[in-house]
Amino acid sequence: MDFTVSEKMQVILEMINEFVDRELIPLEPAFLAGRESEVLAELEQRQRMVKQMELWGPCHPMEYGGMGLSLMEHALVSEVLGRTPMGHFVFWCQAPDVGNIELLHQFGTREQKETYLRPLVAGSIRSCFSMTEVSLAGSNPVMMDTTAVKDGDDYVINGRKWYTSSADGAAFAIVMAKTNPQADPYHQASMIIVPCETEGFNLVRNIPVMGHTGSGYFSHAEIYYQNCRVPRKNLLGEEGDGFVLAQERLGPGRIHHCMRWLGICRRAFDLMCARASERVIALNGQTLASKQIVQAWIAECAAEIQAARLMVLHAAWRIENEGAKAARQDISLIKFKVANVLQMVVDRALQVHGGLGMTDDTVLAYFFRHERAARIYDGADEVHKSSVAKQILKRYEVASRN
Ligand SMILES: Cc1cc2nc3c(=O)[nH]c(=O)nc-3n(C[C@H](O)[C@H](O)[C@H](O)COP(=O)(O)OP(=O)(O)OC[C@H]3O[C@@H](n4cnc5c(N)ncnc54)[C@H](O)[C@@H]3O)c2cc1C
């Protein structure tokens with residue numbers, strides 16, 4: 001394993017880091033105050049700057065206008081961008097679009113690529129991914145009520161989904177629906193592209209999440225698919241292969257989240273250390289940094305972040321060198337490990353800030369509220385732990401029989 005950062009990447013990372021400090025962090029007060037339309041105009045202007053700097057779509061294929069960085073390279077970029085909640089959106093490597101871009105690139109027909117992939121990578125449109133259902137356990141998505149029934153040259157989709165992130169203002173959704181109810185549970189569902197303007201695509205509401213409803217890209221919608229009719233050519237991949245494609249999408253998607261979380265850890269850690277160093281807590285001028293307990297938190301956070309970072313880089317290296325299937329266990333390990341490190345670091349940084357940490361005068365409360373979900377989406381902690389443990393235990397079963 002070699003985690004050396006090339007000279008080219010060092011230059012790119014410095015440029016992005018400086019851009020985040022100069023152009024994005026100053027927008028945070030308006031962003032945190034929820035002045036969304038004002039912020040959106042600013043973000044779009046920053047996106048134009050990113051395009052001019054030729055840093056657009058770091059992880060997207062070059063043939064479609066991205067930078068074509070490798071997974072390892074993107075991990076480093078993502079860590080820098082994750083320092084602010086707007087970073088990935090401005091550089092156009094945000095979920096759920098990244099996953100949809102990968103799906104369309106890997107499985108899309110020529111026509112689907114021209115109609116959806118090209119404008120998506122270019123940033124002219126956004127997309128969303130609609131799998132989780134309101135009434136059934138998302139942790140086990142083979143339990144699915146949404147159906148896509150063939151009718152002539154069309155599919156007619158019916159069902160209720162929620163947590164379709166960023167559906168508000170998106171051009172299309174990739175929807176998981178049952179097309180083959182007679183098949184075994186893992187081959188019943190398919191992915192279908194549904195333009196959001198289609199009749200029967202009803203955005204019921206943006207769901208309030210931790211006290212924030214949000215809008216546009218920064219929102220999570222409930223969608224009611226009601227006799228929503230799309231042509232059969234909108235099928236992505238083969239019929240019945242929905243879960244095969246979902247594995248392809250969610251595997252790399254998970255590592256993308258982990259990379260972003262490292263950036264959040266880094267920002268929270270910086271804020272914590274700066275605050276501890278400047279906050280005077282006694283008449284003799286002693287600061288919080290002089291307290292052993294705070295020193296212990298700082299050291300522990302540094303160790304945890306470093307461990308998480310090496311685990312993520314190792315998983316990225318493994319995916320690149322041995323493929324996503326071989327790295328399955330590594331991906332599960334980082335998914336719950338990094339989510340928990342993230343939560344611990346943000347929580348301690350918030351604690352060090354006292355009452356200030358509870359306000360939106362720093363970005364910490366936003367991270368605390370919104371990133372709690374890290375332990376739930378793309379596989380809850382418990383599901384990943386159980387999957388890792390089962391894989392490990394299998395080896396012991398074989399050993400004990402011998
Ligand atoms: C902010 C956010 C964004 C999201 N974005 C999207 C999106 O864009 N598209 C989309 O389709 N979905 C999205 N989701 C949905 C997400 O994928 C689901 O919430 C997740 O899969 C869990 O499903 P559930 O909420 O139905 O919880 P359930 O399946 O009901 O599980 C509840 C809890 O039970 C426990 N649990 C579940 N299974 C097991 C098990 N086998 N062993 C032990 N414990 C278990 C876990 O603690 C879990 O948190 C998003 C969710 C959030 C919070």
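Guide: A residue counts as near a molecule or strand if its C-beta atom, placed from the backbone, lies within 6 Å of it. This is a predicted model, in which local features need pLDDT of at least 70 and side-chain atom pairs count only at pLDDT 80 or more, while totals for chains, interfaces and linings use all residues. Residues are numbered from 1 along each chain as its sequence is written.

Visitor: How many residues surround the ligand?
Guide: Met131, Ala137, Gly138, Ser139 and Glu382 are the closest residues of the shell. By class, the shell holds 11 nonpolar residues (Ala, Val, Leu, Ile, Met, Phe, Trp, Tyr, Cys and Pro), 1 charged (Asp, Glu, Lys and Arg) and 8 polar (the others, Gly among them). The number surrounding the ligand is 20 residues.

Visitor: Between which domains does the ligand lie?
Guide: The bounds come from an automatic or database domain assignment, which gives domain 1 (7-104), domain 2 (127-236) and domain 3 (244-401). Because two of these domains both give residues to the shell, the ligand lies between domain 2 and domain 3.

Visitor: Which helix gives the most to the side of domain 1 that touches domain 2?
Guide: Taking contact as C-beta atoms, placed from the backbone, within 7 Å, 8 residues of domain 1 are in contact with 10 residues of domain 2. At least two residues each of that side of domain 1 come from α3 (36-52) and α6 (97-107), where helices are DSSP runs (H or I, at least four residues) numbered from the N terminus. The helix that gives the most, with 4 residues, is α6.

Definitions and conventions
Contact = placed C-beta atoms within 7 Å.
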